[in-house]
Amino acid sequence: MVTTIWTLSVILLGLSFVSILFIVLKRKEPNKDFSAVSLRIKTWWGMFVVFCMATLFNPAVSLLSLMILCFFGLKEYFSMMKTRKADRRLFLWSYLAIPLQFYWIYIGWYGMFIVFIPVYVFLFLPLPRLIGKGTSGFLRSVSSTQWGLMLMVFGLSHLAYYQFATPEYGANLVLFLVVLTQINDVVHYLISIYLGKRKVVPSANPSITWEGFIGAAFITTIISYFIYSYLTPLDLTFGILSGVLISLSGFFGSLTISVLKRDLLIGDNEKLNTLKKSYLTRVDSLTYTSPVFFHVIRYFFDFM
């Protein structure tokens with residue numbers, strides 16, 4: 001807990017410094033557009049509060065804060081979909097799956113937690129759509145909804161399970177994961193904006209470049225090497241590999257959400273531009289890094 005408090009204090013100081021620097025720059029250059037930077041700073045503060053609750057307080061408080069994060073993530077995802085009246089019942093049952101998923105975490109039922117959404121919800125999900133007698137767009141609406149549940153609920157809910165899988169190390173592992181994921185995102189964004197030339201998927205997200213990916217992977221791995229011994233019980237090999245793993249899975253998370261948004265919002269550029277500024281974009285990497293890091297650590301280490 002002492003290490004966690006020290007780490008959060010360093011993050012708090014870093015965020016405060018960046019915020020003050022941003023205010024100074026904004027006043028110095030009032031005509032420059034800082035909207036993208038402003039949104040990122042606000043998002044970082046919001047995520048800092050959420051993950052303070054997820055690491056400092058008892059698991060029930062952590063569970064509730066992350067459940068709310070999943071709810072708003074799924075809600076924002078649904079707002080991208082072109083929906084019909086028949087989809088409303090589908091969305092209602094999807095929202096009801098969130099407290100159930102977190103209840104399995106709360107009681108420590110790992111078996112149900114890991115299969116509830118991928119198996120039972122997957123099999124049950126078409127039924128509300130069938131009862132609504134809606135055949136037009138059936139496959140697209142059901143499959144898109146399942147994708148949303150897998151990413152925004154199943155993926156992100158792993159953040160809550162760390163503390164139940166290993167009460168001794170869970171809070172620090174969450175902090176380690178979130179810090180590296182956010183550093184990876186920020187470094188990737190900055191390198192792509194200022195140095196990036198080869199775009200990975202230019203039609204979906206011009207901010208994702210190969211230069212950004214390579215640079216972010218290198219820096220994230222270096223930082224992982226320096227902080228793993230303070231926040232995790234991992235050995236040197238996994239301390240280094242964790243940086244590579246988080247960087248790689250975070251890259252695929254950002255890429256997947258970007259392509260999904262572009263596909264779902266074809267022809268609706270106004271909503272696409274609005275959602276570029278949403279917090280969903282800021283947690284896209286976590287939808288991949290959370291489950292991937294969790295299951296790799298669980299497979300190789302007994303403390304999980």
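## Where α4 meets α5

Let's start with a meeting of side chains. Trp93, Ala97, Leu100, Gln101, Trp104 and Ile105 of α4 touch Met112, Phe113, Phe116, Ile117, Val121 and Phe124 of α5, where contact means heavy atoms within 4.5 Å. Eleven of the residues in this α4 and α5 contact are nonpolar, one is polar and none is charged. Here Ala, Val, Leu, Ile, Met, Phe, Trp, Tyr, Cys and Pro count as nonpolar, Asp, Glu, Lys and Arg as charged, and the others, Gly among them, as polar.

Helix α4 covers residues 88-106 and helix α5 residues 110-124; their axes come within 10 Å and cross at roughly 160°. That makes α4 roughly antiparallel to α5.

## How to read the model

This is a predicted model, in which local features need pLDDT of at least 70 and side-chain atom pairs count only at pLDDT 80 or more, while totals for chains, interfaces and linings use all residues. Residues are numbered from 1 along each chain as its sequence is written, and side-chain values use heavy atoms, with hydrogens and water left out.

Helices (H or I, at least four residues) and strands (E, at least two) are DSSP runs, numbered from the N terminus. Axes are lines fitted to C-alpha atoms, for helices over the stretch in contact, and angles run from 0 to 180 degrees between N-to-C directions. Angles under 35 degrees count as roughly parallel, over 145 as roughly antiparallel, 65 to 115 as roughly perpendicular and the rest as oblique.

## Two partners of α8

Now meet α8 and helix α10 (residues 236-264), which pack at an angle of about 60° with their axes 9 Å apart. That makes α8 oblique to α10. From α8, the contact uses Phe176, Leu177, Leu180, Thr181, Asn184, Asp185 and His188; from α10, Ser242, Ile246, Ser247, Phe251 and Ser254 take part. By class, the contact of α8 with α10 has five nonpolar, six polar and one charged residue.

The axes of α8 and helix α12 (residues 286-300) come within 11 Å and cross at roughly 140°. Therefore α8 and α12 are oblique to each other. Leu173, Phe176, Leu177, Val178, Thr181 and Gln182 of α8 touch Leu286, Thr289, Ser290 and Phe293 of α12. This contact of α8 with α12 has six nonpolar, four polar and no charged residues.

## One salt bridge

The structure holds one salt bridge (a side-chain nitrogen of Lys or Arg within 4 Å of a carboxyl oxygen of Asp or Glu). Arg198 pairs with Glu211, and the closest N and O atoms are 3.2 Å apart. Arg198 sits in the loop between α8 (170-194) and α9 (210-231) and Glu211 in helix α9, so the pair ties together parts that are 13 residues apart in sequence.
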